[in-house]
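I opened the model today to look up two things.

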Amino acid sequence: VFSSPQVLLVILARSRAHLLPTYLGFVEQLDYPKSDISVYIQTDHNQDDTPLLLSQWKDAAQSEYRDITLNTSSLLSYTQSLGPSSWEEDRLVHMMKIRQNALDFARAKPDIRYIFFVDTDNFIINPGTLRKLISRGKEVVAPMLTIDASTAYSNYWGGMTPRGYYKSVPEYFPILRREKPGVHKVPMVHSTLLIDLQSPNADQLRYFPMLESYTGPVDDIIHFATNAATAGVGMWVDNEEEYGLMLPRKEYNNVADEEMAFVEYLANVITIKTKVPRSVFLKDTRPASDKLGFDEIYMINLVRRPERRDRMIVMFDQLRIDARIFDAVDGKAMTQELLDSLNVKQLEGYQDPYLKRPLKFGEIGCFLSHFYIWEDMVAKNYDKVIVLEDDVRFKPNFRSELAAAMTDVKALQLDWDLIYLSRKILNSKMERWVPGSSRLVEPHYSYWTTGYMISNSGAKKLLTQNPTQKMMAVDEYLPLMFDAHPNKEWSAAFSPRNLRAFSVSPLLIEPQFYIGQDGYISDTETSVIIEEQVKDEL
């Protein structure tokens with residue numbers, strides 16, 4: 001029968017307000033008696049509401065846990081800091097000290113058997129993790145955490161040089177890929193790890209001060225691993241189950257960039273693995289989702305792409321955007337008979353400018369999806385809407401940057417039909433700033449319809465041309481309608497070409513993946529060309 005010895009859970013947080021509700025939600029789901037868990041929290045150098053959230057969490061959760069200790073500091077930045085995710089020497093020394101403080105705190109309480117460090121960019125998705133680690137009976141053991149299926153980084157090292165630097169060894173990948181499930185002795189574990197304070201020589205473990213014999217870099221995890229090896233304390237990594245995930249290690253310029261990266265990771269990775277919890281001890285004080293000042297926000301999604309829909313729903317929730325899911329026209333379900341019944345015809349002489357082929361059924365489905373949105377907004381007499389495709393990424397500060405752009409539109413009394421939020425710029429030298437604005441440009445020939453704003457007058461202009469009877473790719477049609485298309489023969493089929501088009505700059509949305517990247521999927525390019533379908537049917 002499993003007994004539940006006392007555990008000290010250590011939380012070290014800096015500018016983590018954006019992810020604390022999720023991180024703490026996973027912590028709260030640990031299948032371990034909360035009455036046997038003491039929580040030690042240290043937070044400092046914050047640029048957001050991290051101390052406030054942790055204080056609120058402590059007040060609400062302390063009756064459930066054995067006890068909660070919260071240490072806060074008003075320190076705001078490091079002398080050498082280049083950004084919230086940069087690691088200069090003074091920050092590394094500080095990290096060594098606060099980890100040591102937690103270790104000393106645990107040792108001062110005789111009833112505490114284990115100390116469990118869980119970094120705030122780690123997400124323990126397996127509720128049985130703590131019980132499992134304790135059952136292993138190891139001195140220092142970590143649950144193997146991964147970033148995603150394509151990234152080789154984890155919270156252990158397979159090899160380490162005598163001076164404490166990373167060493168590539170063939171044993172690393174079989175552990176990472178779980179080809180050899182079990183508990184493996186390794187030279188280092190970090191980020192999330194369990195220390196048995198009663199194991200032999202555990203009293204010699206320390207983060208700080210550094211050993212006199214230590215010649216490696218100033219680094220908390222490298223020094224601790226070296227110290228453990230010197231003390232004869234083994235380090236182990238457990239890969240028998242899928243225990244959790246960790247955010248990618250990247251440099252960010254500011255907290256807003258970090259927050260957007262977390263939103264992306266939450267939507268693209270964590271949501272796919274598990275249901276994402278929010279802390280039950282933190283009130284959801286986020287503002288209600290809204291439509292960003294527009295009449296509607298349409299998000300085009302193929303019914304057979306639920307993973308994209310789910311990803312976008314998470315993104316919208318995090319950004320507090322109230323969007324309507326608009327079922328896309330599926331080109332793969334399209335036939336020539338259906339096109340005939342809809343009176344859909346390709347523009348005479350049209351060929352893809354690069355691939356020199358007719359339209360594909362997927363491109364027709366894409367065009368019709370946008371076309372039906374234009375019809376819908378006109379029928380409902382919407383003044384302005386946003387149209388998004390389901391494979392987009394939002395840039396940091398999307399909401400505030402969009403609001404600033406719309407402030408320019410209002411201040412300049414800009415008479416607009418279409419404003420790109422995302423596009424592939426083909427010739428920036430042909431573009432110029434809107435007079436009086438530092439956020440809006442007059443676009444030239446551009447590709448993509450991943451994200452744009454459109455007014456009622458703009459939708460009417462696009463519909464009036466009866467484009468379904470002389471169809472081309474939708475991202476060719478838009479620049480043609482603001483008379484920026486290089487093919488004058490195609491342009492001659494449409495008149496007037498008086499769409500008043502603009503673009504935000506810098507762009508606020510980009511594709512989730514670009515052509516050639518892992519994960520790139522095109523439902524237009526993989527569909528059948530019209531002529532091929534007709535030939536097959538003949």
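Grid points are joined across faces, edges and corners, and a volume is the space filled by probe spheres set on the points.

I noted that this is a predicted model, where local features need pLDDT of at least 70, side-chain atom pairs count only at pLDDT 80 or more, and totals for chains, interfaces and linings use all residues. Residues are numbered from 1 along each chain as its sequence is written, and side-chain values use heavy atoms, with hydrogens and water left out.

**Entry 1: cavities**

I found two cavities of 30 Å³ or more. The largest cavity holds about 60 Å³ of space. I listed its lining as Arg99, Phe117, Val189, His190, Ser191, Leu193, Tyr207, Asp220, Ile221 and Phe224. Helix 6 (residues 220–231) gives the largest share of that lining, three residues. Helices (H or I, at least four residues) and strands (E, at least two) are DSSP runs, numbered from the N terminus.

I sorted the lining of the largest cavity by class: six nonpolar, two polar and two charged. Here Ala, Val, Leu, Ile, Met, Phe, Trp, Tyr, Cys and Pro count as nonpolar, Asp, Glu, Lys and Arg as charged, and the others, Gly among them, as polar.

The second largest cavity has about 50 Å³ of space. Glu401, Ala405, Arg439, Val504, Ser505, Pro506 and Leu508 line it. I counted four nonpolar, one polar and two charged residues there.

I traced an open sheet of eight strands with mixed pairing, in the order 15-14-16-21-18-22-20-19. Its edge strands are strand 15 (324–327) and strand 19 (432–433), each pairing on one side only. Two strands pair if DSSP finds at least two bridges between them.

I then checked its neighbours. Strand 18 runs antiparallel to strand 21 (residues 446–455), with six bridges. Ser422 stands opposite Gly451 there. Strand 22 (residues 501–504) runs parallel to strand 18, with three bridges. Leu418 has Ala501 as its bridge partner in strand 22.

I also followed strand 21 to strand 16 (residues 384–389): five bridges, antiparallel. Gly451 is the bridge partner of Leu388.

Note on methods: 1 Å grid on protein atoms, 1.4 Å probe; cavity = no way out; pocket = protein on both sides within 12 Å on 5 of 7 lines; lining within 4 Å.
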